[in-house]
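Welcome! Have a look at the model first, then try each task before reading on.

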Amino acid sequence: MHVDDFIEELWMYAHSFPMREHPWFRGIAEHWWTREQIIAGEVQHYLRVRENPVYFGYIAAHAAEERLPGLTEAVLEDYMEELSGDRSHVDIMFQFLEEGGVAREDADNAQPTPGTLAAIEMILGHCQRRSALEGVAMLAFVESQHGGPDGAAASAYPALVGHYGFSEWAAETYRIHAEQDVGHGQSQIDVIRRYATTDEMQGKIRRAVRLGLTAWNLEYDGHVQAMTGLRDHWDGGHPLVHTNPPMRVPQLG
């Protein structure tokens with residue numbers, strides 16, 4: 001398949017799970033949830049973000065071995081933003097919980113919901129056992145949907161600061177994702193375009209992209225599971241149905 005057609009196919013997969021429409025993001029933007037529910041969801045977010053240095057480390061190690069021009073640079077851009085500076089991304093993520101009154105020890109010892117646990121295991125296992133390019137592909141279309149002025153993070157940020165009254169300091173992780181992830185996603189897609197030129201490689205990349213979209217969808221399911229106590233899964237296609245006002249809990253599947 002011509003690489004342009006292949007990238008279009010990958011976008012088709014991404015659009016089948018429109019991140020902004022997931023009940024986690026849409027519920028924040030449209031004020032379905034309470035402040036307390038959002039903090040409970042953010043604990044699950046923290047548990048996944050805490051693993052970022054691990055899976056980025058796997059991708060960086062594979063990139064150093066594979067030595068594909070442009071790939072190492074794309075990987076290190078994410079890796080350095082994750083770990084460099086006075087505050088890691090985990091530290092910035094924890095600011096939300098700190099303002100919400102959650103102690104670091106309590107967050108570290110929190111029980112992951114089924115969605116959170118599934119997402120973590122899928123991401124770590126994939127990055128440990130697959131090539132750096134497959135690791136990058138797992139992230140590319142997720143980050144592209146997360147970032148930018150029309151992305152999922154930007155859709156949630158105004159409501160978190162405005163409607164829910166979280167400080168800009170607490171919600172900083174959403175501002176950073178809105179600003180940075182679209183650029184990361186595009187640089188990663190550019191690398192895929194450069195190297196996904198054979199049927200064999202396109203097959204690997206296709207599977208990686210699907211895995212990434214599924215894993216992050218499960219993560220956001222995990223946020224909602226923590227807020228509602230339900231073990232439901234949003235499949236990207238069903239309309240949201242609300243019950244029992246004012247709780248307005250969506251039925252996810």
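**Exercise 1.** In which loop does tryptophan 33 lie?

*Solution.* Start with the ground rules: this is a predicted model, in which local features need pLDDT of at least 70, side-chain atom pairs count only at pLDDT 80 or more, and totals for chains, interfaces and linings use all residues. Residues are numbered from 1 along each chain as its sequence is written, and side-chain values use heavy atoms, with hydrogens and water left out.

Now find the helices α2 (23-29) and α3 (35-49); the loop between them holds tryptophan 33. Helices here are DSSP runs of H or I with at least four residues, numbered from the N terminus.

**Exercise 2.** Is tryptophan 33 buried or exposed?

*Solution.* Tryptophan 33 counts as buried because its relative accessibility is 3%. The cut-offs are under 20% relative accessible area for buried and over 50% for exposed, with partly exposed in between (1.4 Å probe, protein chains only).

Next, look at its surroundings. The side chain of tryptophan 33 reaches the backbone oxygen of proline 23 at 3.1 Å. Tyrosine 164 is 131 residues away from tryptophan 33 in sequence, yet their C-alpha atoms are 9.4 Å apart in space.

**Exercise 3.** Which element gives the most to the lining of the largest cavity?

*Solution.* On a 1 Å grid over the protein atoms alone, a cavity is a set of points where a 1.4 Å probe fits but cannot get out, and lining residues have an atom within 4 Å of a point. The lining of the largest cavity includes Phe17, His22 and Trp216. Two elements give two or more residues to this lining, α9 (132-146) and α12 (199-228). The answer is α12, with four residues.

How values were computed. On a 1 Å grid over the protein atoms alone, a cavity is a set of points where a 1.4 Å probe fits but cannot get out, and a pocket is an open set with protein on both sides within 12 Å along at least five of seven lines; lining residues have an atom within 4 Å of a point. A polar contact is a pair of N or O atoms within 3.5 Å; within protein, one must be able to donate a hydrogen and the other to accept it, and residues adjacent in sequence count only if both atoms are side-chain atoms.
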